[in-house]
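Me: I am new to reading protein models. Can you take me through one, feature by feature?

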Amino acid sequence: LSAADKTSRPTTTGTVEFCFRPHATIGSGDSSFVLFQKGDGSKSTDENYGVEFDGSSGRIKFYAVEGSTEYTVTSTNTSWSAFHWYHIAATFDGANGLKMWVDGSYEGNTAVDVSGWTGNTGTLYFGSDDGTGAFMDGDMDEFRLTNTTSYTGTSSITVPTSAFTDDASTIYLYHFDETSGGTATDSDSSA
């Protein structure tokens, strides 16, 4: 599943959050897969970013590429139960770097300055690497990408318990309420 670029794309600050559930228990030694990515999936193309499951470590990884260097924040969890929903939130914030939370728990940060970003003009992909591989075997729900930093600091956050709503900072908003097929509706009012 993919979504075209939007001119209102995030530039130097942004938050992505969503829920996912794997269809089988996964951990170290399982196949890697992409949860979402903005751009072509290359870990050397400036301004690409995304969240993926790293099968070599069993961790969820939020990554962003500055220049041609990949920067990451990884989860502490290395085992993910079948049919259990997990909430992922990640931010990139100018000179303040990358941060990630899993089920509300702060996972860490990575220092990288993305204040020079102009906005990734690539396609947004869900559940696959550039639409061609590293497919996710699971479900996704309530995906939102904004052009603001919704979470700051290093404390735990409150996991949302209802559907995300559209606001002025929302760029992409997918509820994934469709019951079948290969399309999903972007509920952002600018869609």
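Me: In which sense do strand β4 and β5 pair, and over how many bridges?

Reply: Start with the general idea. Strands of a sheet pair through backbone hydrogen bonds, either parallel or antiparallel. Here β4 (residues 33–38) and β5 pair in the antiparallel sense over 5 bridges. Strands are DSSP runs (E, at least two residues), numbered from the N terminus. Two strands count as paired if DSSP finds at least two bridges between them. One case to look at: V34 has E52 in β5 as its bridge partner.

Me: What kind of model is this, and how are residues numbered?

Reply: This is a predicted model, where local features need pLDDT of at least 70, side-chain atom pairs count only at pLDDT 80 or more, and totals for chains, interfaces and linings use all residues. Residues are numbered from 1 along each chain as its sequence is written, and side-chain values use heavy atoms, with hydrogens and water left out.

Me: Which sense does the pairing of β5 with β6 have?

Reply: Antiparallel: β5 and β6 (residues 59–66) are joined over 6 bridges. Y49 stands opposite A64 in β6. The hairpin of β5 and β6 has 4 residues between the strands, and G58 takes a positive phi near 80 degrees there.

Me: How many residues of β5 are buried?

Reply: Strand β5 (residues 49–54) has 5 of its 6 residues buried, so it is mostly covered. Buried means under 20% relative accessible area, exposed over 50%, and partly exposed in between (1.4 Å probe, protein chains only).

Me: Where is S42, and is S42 buried or partly exposed?

Reply: S42 sits in the loop between β4 and β5. S42 is partly exposed, because its relative accessible area is 22%. Leaving aside neighbours within four places in sequence, S42 is in contact (heavy atoms within 4.5 Å) with N48 and V65. Compare sequence and space, too: S42 and I26 are 16 residues apart in sequence and 24 Å apart in space, C-alpha to C-alpha.

Me: In what order do the 6 strands of the open sheet lie?

Reply: The order is β11-β10-β9-β2-β13-β14, with antiparallel pairing. At the edges are β11 (105–110) and β14 (170–174), each pairing on one side only. Look at one pair in that sheet. Strand β13 (residues 138–146) and β14 run antiparallel, joined by 4 bridges. T146 stands opposite T170 in β14.

Me: How many salt bridges are there?

Reply: First the idea. Side chains of opposite charge can pair when their charged atoms come close. The rule asks for a side-chain nitrogen of Lys or Arg within 4 Å of a carboxyl oxygen of Asp or Glu. By this rule the count comes to 9 salt bridges.

Me: Which parts does the pair of R21 and D139 tie together?

Reply: R21 forms a salt bridge with D139, with the closest N and O atoms 2.8 Å apart. R21 lies in strand β2 (residues 13–22) and D139 in strand β13, so the pair ties together parts that are 118 residues apart in sequence. R21 is partly exposed, at 24% relative accessible area. D139 is partly exposed, at 24% as well.

Me: Which residues are linked in a network of salt bridges?

Reply: K43, E52, K61 and E70. Within it, K61 forms a salt bridge with E70, the closest N and O atoms being 3.2 Å apart. K61 counts as buried, at 13% relative accessibility. E70 counts as partly exposed, at 29%.
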